[in-house]
Every structure is written in structure tokens, then in C-alpha cells.
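This report goes with a sequence and its 3D structure. Please keep both in view while reading.

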Amino acid sequence: MLRIFKSLTYSIFGLMSLGWLSVIFIIFMFVGPEPNRLLDFFENNLIVDVRKYGQEFIYLAKSLYILMGTMNIVLLAIALIMSLAWSALSHRLNIDSPGKAKIYAIHWLIYTGVMLAIIVAITFYFTTSTRYNAAQFLSNGGITIILFSQTIYYFLIYYIAVIVGTARFARSSVLFANKLPGNFL
Amino acid sequence: MTLKKINELFINFLIFTVLFSFTYLESKELCIPDFELDTPTINVTPLNDTDKNSVYVLIDGSLSMQGFVNPSDQDTNLYVEVIDDLQQIAESIGNETYYLRFGRWVKSIRESEAARATDPSFYTCPHDPENCDNQETRLDEAIKTTQLDKDATYIIVTDLFIENKNLIGGKLHQLKKPLNKVLDSGKSIGIIGIMNSFNGTIYGIPISGGGVATYSRANKRPFYIMVIGDQKNIHKVKTKLEKQYFTNNADDYKFSLITSNPIIQNLSINKKVNEKNLFRTKNQPPEFKFEYIKSNLPLYQFNTNQKRILEFTIKKNEFIVLGSSGISNYEIKETLWNSIEVKCKAINSDKTWKKTNLDTISTWKEIIIPASANNEKIDAISIYLLKKLNVDPKEKESPLVNLWRGFRYFHVVNIYADKPGNISEDIFKDWSITKAQAQKFIEGDPVVFKTLNLVKLVKVLNDVANERFKPTLIASIALDFNLTK
């Protein structure tokens, strides 16, 4: 049990290595739009041309910021849950002989695939569904950028968390996790 | 105790009523962006019936007209009856009637002599055949008389058999000059064509290789009554003749109105636009309200989802002069505003109406709609509002999907008649031959003879009218809607 808690702690540290960026981003989003580089990036890369509708993006950005903030909370939560769950479950894997851990690489790949699918689905939901009116300001190019950046970013968070959080005897099941020093955890 | 409860109930009721009234008032509150209404370019005020002026009746005295009064078939001889009736019709539309005869020149004649137009001798001048002006039809001379009295109505009875030489160069200019003045003064030209029995000779038919021929084997041929004057008087003449002679045989009768202004009225100013113009079916959107604002701007207020197709339809007979050449092109001038706020209070305090940079986003199409009372069909035009917002024009989805949900929109649309049509040329096509067709036509031994250069003449008249045409505002409308999911 102690090992599991240790694993979870390492996993949380792994999450925090990149996750702090997400937290800051979420805070920025809920504070609201200010004329800065972030707003310019949104205007220049993510949204449709609102000027043809006579609008200025800064007046429309509030709802889009809330959308992005909410989406990132959900994605961060998913990355957190999935990485912690793997870290805890890795201690329960039935690895009773050398080399058996590699068999569980298939399980890890499927698990990671499911996590990626969830991230993509959540991003799609937030950026294309009619539930959030702000989604209508996003251009197709913007949706693609968000989809790729969010998927890669949250996968990286998850991956770092599972590398450092996976049980030592199960590290061979996680890609490159066996490269960690033997005395780590 | 009971009294206290009653008091409590009364106070609660009072508070509820006051709050409800405020909510209701707010929902009905009007908040519109700042804009100037397009100035109407037409403001036709009907003339008083008592404003009667002189009427000039001009009768073509050329020899080719003689066949109309010497008919082979009495049943289809309307010429004599029409000439007789014209005196009565002239009296009904004017206070004084003057008669003139024209050929190469225009000559004033007495009423008694005009009555002789139903007799063959009128066209042959038996007392002075040497000086008889019956060899030519100079329509330009006849039309020139319209400058005698600018307020008068002119009725010209003729076969409109115009030789090519009279429709080119200086002669054409002579014809156009008085026509320009007529149309400039707001007058119109009505052409009533009547197919009549004929027993005589048609002169001046051009043949290939030059020269002219005559033709005597026709037993039917149209004659024409050109009425130059106010549209009201033209329609009076037309209606009277129609009722009297053409209730059952419409094929032997044609009418066209040449006017520089084929628009009767501005539908918005005359409050002819109603909710059915936008929502023809019972499929009215929620929160629908219709009213006139700024004294003459019809405003449609509603909530709609993104599936609705907004189609504003107006019947042509409500704004186009009956029998005229119509309109061949419409221009839509429009402005669209949007607001992130939907409540009037917030819109007014934060000034959230933003004018879009979308200029021409609506399109128009001619359609035929069924009349409500019978099986007849009515010509109409449909304005597909915001249609061009659809990037793919083939797409059948509503253009509203290209607007943002949760916003309020205000759309002002001005519909202009942009270019006059040429329906009148088509109307008379069947009864017309060109110089090139004339020889072949007479070789075919026709029984029903056509009119030389009729379409060409109508085209000349249309061209003169079209030069004077100015884009006319037909209707202005405004839409104020909340776009929901």
C-alpha cells in the first residue's frame, strides 16, 4: 500500500512538471480577456474573421475564454485520473516472472489509446457542439490547432506521470519507462 | 387574522402585477440601431377624378385603313364599333374632345367628319382625291401633337404599319423627341391591339430587291389604339374596351403599357406589407410581432433557430403597373447589425449594435404563387434574405447557420426596381413581321396579316421609356430577431 502511495506521489509530481502550465492557462482563462499576446494569438490563429460582422474580438473573447478554461479543467482532470489510475493499477498487475511485464505493454497501449480518444472526444465536444455558443467563433483551422495541441500536451502530462508513477516491476510495460534508474522508487 | 391574510394576498398580488408589467414592457421594448431610411423615389398620388382635361382623337387616314370599314365578316368587325365608342370613351375621360386626321400631315377635323371614319370614303377623299393625304402613315407627326396640350389625353387609331425608313435616322429622332417629352412629363403610352376583319389592300409592303408591294388577300388584320396620357385614363380606355368587346375572345386583343415608371407604389409607405409577406405559411416563429416603425418601415420581430429560411415575397401586381413591361432586375440594398446582448436595456446602455461589413447578402428570384381564392397563379418575387451567407450556393441549409447563435440581429432591406423589362415586345411578337420577313410572308398567301415593324416600334418606345427609368424603391423592411439554437 505504501508503494502505491509513493507511486501516486511520484505520478502527481510527474503531472505537475508540465501541468502547472495548464493551471496557469486555466487561471488566465477565468480571469477574462485582456489585450495581450494571448488574446492576439486567439484572434490571429483560432477564430474566424469577426470584423466582417463588425465585432471586435475582445468583446466576444470572454465566452471563448470560459470555454477554453472549462475544457482544460476537464482535460487536466482526465489526465490526472487516468495517470493516477494506471500508477495505482500497475502495482496490481500479475507479473510473476521476468519478461512478463512486456506482455502488459499491450494493456498500456490500449489504456493510453482510450485516454487519447477521451481527450480528442472532449476537445471535439467543446469546440464543435452547440452547447457552448463561443465555439461558433472558432475557425476550422483553430479547431485543428486546439485539437492537436491539447492532445499532445495532455498526452505528455499523462505520459510523464505514468513513467514516473508506474510500479518498478511493471515499467517494461510502459514505453521507455525501463530507462529510469533502477533505484528510482 | 383573516383580514391580515387578505392584506398579505393583496400586497403579493400587487407586487406580482407590477413586476409582471415591467417584464412585459421590457420584452416589448424597441431598441434599434441608428440608421436613415432610404428616401422613397416614388410617391404616386392618385389624381382627382374631377381633374378632366381635353382629349384628342387622332385617326389614321391612310388607304391601308380602308379595309377595316369594308369588312368581309361582320362578326369580327370591331373597328366601326370601336370608332363609334371612342367618342363616348373620350367624353368620359375628358371635358372636351378634339378630332384630328393624320397621314403625312395632321389635320384638325370636325366631329361629323370624324364620324365618317367608319365609312370607306374617309380614306379615299372622293371630293378631292388629288390632294388626299392617304399615302403614308407618319406616326411621328401624330405623336408630335402631344405637345399641343401637355395635360391632355391622346387617342391614336392606326394600323401602325410603319416603314423602315420611318424608324431610322432623322425620322426615328423625330419620333423619339416628342416621346421623350411625353414620358418626361410622367405620361404613359398604352397600346391596345385589336384583331379585326379586313377587306381591302395593304400598301407599302417592302419586298426584297427594294420597292414595295400591295396585298389584298388578307381577311383579318390588327389595328391599334395608342393612348398617350395618364395611366389612369389609359386604363379607363382599356377597361371599357375590354369589358365591351373582349370578355370572351382575349386572343384577338393585346395590351401593353409603355411607361418610364412601371412601379405603382412603394409598398412600405402605403402600408401594403404585412406579416404574410415574410411568413406565408402558419409556421410563424416564436415571439413573433409585426408593426410599422419610423412611420413607414414594417418591422418583423421574432426568435428563430438556425434552420429557418427567411423568404420575403411580394406579388408583382401590387407594385408593377398592370400591362406594363415590368421589371427585369431588382437591386437589394441592405444592412445587417448584430449585438452580443439581446436585452434592450443592455443594448442601449452598452451600445452593442455593430454594423456588419456584409453588403449584398440577399438574393431575389421570380416565382409563381397560388392565389388564395381560386386556381389562378400569381407572379411574385421572392427575396431570399441572407442567402449569400451560404458559402456553397447549392447548399440547401438555411443561411442562418452562418450567423452566430445567442446574438440579436437587425436587418434592414431596401428593395429597388433596377431595370425595366421588355414584356411588351413579347406581347406583340405574334402580330409583327420585319422587313426581311415581309416578302416571304406575302408569298405564303396569309389570311391573317401581320403588322410591319410592330416589335421594332414597341422596342423604340420601350427604349425611350427605359432611358428615363430611374431605380425605384419598391419596399423597405426590417427584421429584428434573436438567433437561438
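## About the model

The model is predicted, and local features are taken only at pLDDT of at least 70, side-chain atom pairs only at pLDDT 80 or more, while totals for chains, interfaces and linings use all residues. Residues are numbered from 1 along each chain as its sequence is written, and chains are lettered from A and ligands numbered from 1 in the order in which they are written.

## Chain A

Chain A has five helices and zero strands; helices (H or I, at least four residues) and strands (E, at least two) are DSSP runs, numbered from the N terminus. Along the sequence the pattern is α-α-α-α-α. Of the 185 residues of chain A, 32% count as buried. A residue is buried if 20 or more other C-beta atoms lie within 10 Å of its own, exposed if 12 or fewer, and partly exposed in between, with C-beta atoms placed from the backbone. In chain A, residues 24 or more positions apart account for 80% of the contacts with a separation of 6 or more. Two residues are in contact if their C-beta atoms, placed from the backbone, lie within 7 Å.

Asn36(A) sits in the loop between helix H1 (2-31) and helix H2 (37-46) of chain A. Is Asn36(A) buried or exposed? Asn36(A) counts as exposed because it has 9 C-beta neighbours inside 10 Å. Its C-alpha atom is separated by 36 Å from that of Val164(A), 128 residues apart along the chain.

## The largest nonpolar core

A nonpolar core is a set of buried Ala, Val, Leu, Ile, Met, Phe, Trp, Tyr and Cys residues joined through C-beta atoms within 7 Å. The largest such core has 154 residues, and the members that touch the most others are Leu64(A), Tyr158(A), Val57(B), Leu58(B), Ile155(B) and Ile474(B). Helix H3 (residues 57-89) of chain A gives the largest share of this core, twelve residues. Domain 1 (53-261 + 422-468) and domain 2 (265-421 + 472-483) of chain B each supply at least three residues to this core. In soluble globular proteins, nonpolar side chains tend to be buried together.

Tyr158(A) also has contacts away from its neighbours within four places in sequence: Ala79(A), Met82(A), Ser83(A) and Met115(A).

## Where the chains and domains touch

Between the chains, ten residues of chain A are in contact with eleven residues of chain B. The chain A side of this contact has three nonpolar, five polar and two charged residues. Here Ala, Val, Leu, Ile, Met, Phe, Trp, Tyr, Cys and Pro count as nonpolar, Asp, Glu, Lys and Arg as charged, and the others, Gly among them, as polar.

Chain B is divided into domain 1 and domain 2, with bounds that come from an automatic or database domain assignment. Their C-alpha centres lie 44 Å apart. The contact takes 13 residues from domain 1 of chain B and nine residues from domain 2 of chain B. On the domain 1 side, strand S9 (253-258), helix H9 (423-427) and helix H11 (454-468) of chain B each give two or more residues. S9(B) gives the most to that side, with four residues. By class, that side has five nonpolar, eight polar and no charged residues.

## The three-stranded sheet

In chain B, three strands form an open sheet in the order S12-S16-S15, with antiparallel pairing. Two strands pair if DSSP finds at least two bridges between them. Strand S12 (311-315) and strand S15 (363-370) of chain B are at the edges, each with a single partner strand, so one side of each is left without a neighbour in the sheet.

S12(B) pairs with strand S16 (residues 377-384) of chain B over five bridges. Within S16(B), Ile381(B) is the bridge partner of Ile314(B), and Ala380(B) stands opposite Lys315(B). Which residues make up the covered face of S12(B)? They are Phe312(B) and Ile314(B), while Glu311(B), Thr313(B) and Lys315(B) make up the uncovered face. In a regular strand the side chains alternate between the two faces of the sheet.

## The six-stranded sheet

Another open sheet of chain B has six strands in the order S10-S11-S20-S17-S13-S14, with mixed pairing. Strand S10 (289-293) and strand S14 (354-355) of chain B stand at its edges, each with a single partner strand, so one side of each has no neighbour in the sheet.

Strand S13 (residues 327-339) of chain B is joined to S14(B) by two bridges and runs antiparallel to it. Across this pair, Trp337(B) stands opposite Lys355(B) and Asn338(B) opposite Lys354(B). Twelve bridges join S13(B) to strand S17 (residues 408-420) of chain B, also antiparallel. There, Leu336(B) stands opposite His411(B).
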